[in-house]
Amino acid sequence: MAPVTSLASTVDQRIADALSAALPEAGSADPLLRRSDRADYQANGILALAKKLKGNPRELAAQVVSALTAPGLIEEIEVSGPGFLNITVADRAIIETLAARAADERLGVPYAEKSGTTVVDYAQPNVAKEMHVGHLRSAVIGAAMVEILEFTGERVVRRHHIGDWGTQFGMLIQYLIEHPHELDHDATAAGVDGETAMSNLNRLYKASRALFDSDEEFKARSRDRVVDLQAGDKETLALWQRFVDESKIYFFSVFDQLDMEIRDRDIVGESGYNAMLEETCRILEESGVAVRSEGALCVFFDDVKGPDGNQVPLIVKKTNGGYGYAATDLSAIRDRVGNLDASTLLYVVDARQSLHFKMVFETARRAGWLNDEVKAVQLAFGTVLGKDGKPFKTREGETVRLVDLLDEAVERATAVVREKARDLSEDEIAERGKQVGIGAVKYADLSTSAARDYKFDLDQMVSLNGDTSVYIQYAHARIRSILRKAGDTAPLAHPELSLAPAERALGLHVDQFGEVLAEVASSYEPHKLAAYLYQLSSLFTTFYDQCHVLSDDNPRELVENRLFLCAVTARTLKRGLALLGIQAPERL
């Protein structure tokens, strides 16, 4: 099926054509069409045009109306106020457009007219460390953007830049050499679950840290082991790989709990760029982008200064010859642009790292790795807060383990599902509890503008009322229930019927799905999709309350048409939730 042009786009084009016909001196003027509470749409562009042409806006608006030809599309158009156009589309046009969407498996959503590859860097946990609440946002926001970009036709390469390199591995590896039975199993073999893997790593980390802090000789051996690791010593690298493998078992178990696919081939950690670091530094120094300062290789910026007024540099190579995060990040840019042919690099990273990435991106531009054809964007996100508005901690002041948080969300959601369940078995209640609980956690994150902090409040997240995923999931389940109860009466569009106000409002909002996705994909703002789905659910609730679907008093054509509105709404809700990584159960 061909993509379906939205009613808003069609109306906008007809008004633009009328503008050009009535006022050729205006050129290609923008009608500035938007949704309105006084009609279906309002066009405000004539006001600015009247100033430009030094004309009376109401008179110009009347000329545009006279030049407008839109049979079957526009039911009514009136000049309002100082020259606004209030436009009401025909009921037939709404149902015919939705019927075209319903006939397409993509709901008529077009593929984006752009070529290139976007590399999305998200979900970046650290090897041998437990995932905590701070790892949630990068994973959830990044996964949603990957799904949305891919659905709109973008070629996407996923990258998980895990923390798998650094001086702490010297301590861990040295301890394992001296206590070889601490990881006495093959982490790549079946049978080791994520909780066991993390328990092993936690135990090993605590024991090695205690020895490192208390035994100077062990500390010296650990530091020597870092040198061996960086030099590529085979035995040391083999032991390092065991820590990576053990950690991946744990990572995959957490992401599985989050109902999120993380593929091994997409994991390219810090170590993946080791072979490029020296060349990256050489290129930067030879090109003059980086300079030596007190023995370190640095990049300076006029607008980045410390409290003392002196410039704060980006340190690419330390005085002792070690490489900083900047060298790894810049090498990753070289790899993604040169080897993956990326045209856009999207980094889903904490807002607190904004200065670092600003400096890295500017350095890459100076080096020529980023330019007008290749851009880098940080999708910066805020902090997860507790109910008290402070960074989310346990009562003991510890960072909240991500698995504990997810377990509690599922437990709370399961209780909600059980309370509402009528014909669900215990197994079905448990399954729905997971779908609702994990969906609630994701939606709370995604419904907030990424740059803002948000409060983690499970009571609100699993509520059936308000802006929650549970409300949207229940709207979808209610529609599926209606369609089942309809029996042999199938959804069928009847463009010849007049529509009630609630039917019109629902239909017009369904029609906006493609435009919302296009905006979200271009601006990297998944919260706008969440807002769209919540409003769609609210409009369906109003429709359900005001327009009886299966009433025996309704003519068959009216029942079929309302079932058709239900069906296309359900498909839109399900597709939209899936793009956010949230399940839409058939029954709740």
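A residue counts as buried when its relative accessible area is under 20%. Keep that cut-off in mind for this predicted model.

**Exercise 1. Find how much of helix H16 is covered, and by which helices.**

Step 1. Count the residues that pass the cut-off. In H16, twelve of the 17 residues are buried, and the helix is mostly covered.

Step 2. Name some of them. They include Ser469, Val470, Tyr471, Ile472 and Leu483.

Step 3. Look for the partners. The buried residues of H16 pack against helices H13 (402-420), H14 (426-446), H15 (458-461), H19 (527-546) and H20 (556-579).

**Exercise 2. Check the span of H16 against its residue count.**

Step 1. The expected span is 1.5 Å times one less than the number of residues.

Step 2. Look just past the end. Glycine 487 has a positive phi of about 60°.

**Exercise 3. Classify two aromatic pairs as stacked, tilted or edge-to-face.**

Step 1. Recall what is needed. A ring pair is described by the distance of the centres and the angle of the planes.

Step 2. Set the limits. Centres must lie within 6.5 Å; planes under 30 degrees apart are stacked, over 60 edge-to-face, and the rest tilted. Ten aromatic pairs are counted by this rule.

Step 3. Take tyrosine 250 and phenylalanine 251. Their ring centres are 6.1 Å apart and the planes stand at 55°, so this pair is tilted. Both residues are buried.

Step 4. Take phenylalanine 540 and phenylalanine 543. Here the centres are 5.8 Å apart and the planes are at 45°, so this pair is tilted too. The two residues are buried. They sit in helix H19, three residues apart, about one turn of the helix.

**Exercise 4. Work out which strands stand at the edges of the four-stranded sheet.**

Step 1. Read the order. The open sheet runs S1-S2-S4-S3, with antiparallel pairing.

Step 2. Find the strands with a single partner. From one strand to the next, the twist averages 25°.

Step 3. Three bridges join S1 to the antiparallel strand S2 (residues 41-43). Leucine 33 stands opposite alanine 43 in S2.

Key: Residues numbered from 1 in each chain as written. Predicted model: local features only at pLDDT ≥ 70, side-chain atom pairs only at ≥ 80, totals over all residues. Heavy atoms only, no water. Helix = DSSP H or I, 4+ residues; strand = E, 2+ residues; numbered from the N terminus. Buried < 20%, exposed > 50% of the residue type's maximum accessible area, 1.4 Å probe, protein only. Contact = heavy atoms within 4.5 Å. Phe/Tyr/Trp six-rings, centres within 6.5 Å; stacked < 30°, edge-to-face > 60°. Pairing = 2+ DSSP bridges. Axes fitted to C-alpha atoms, helices over the stretch in contact; angles between N-to-C directions.
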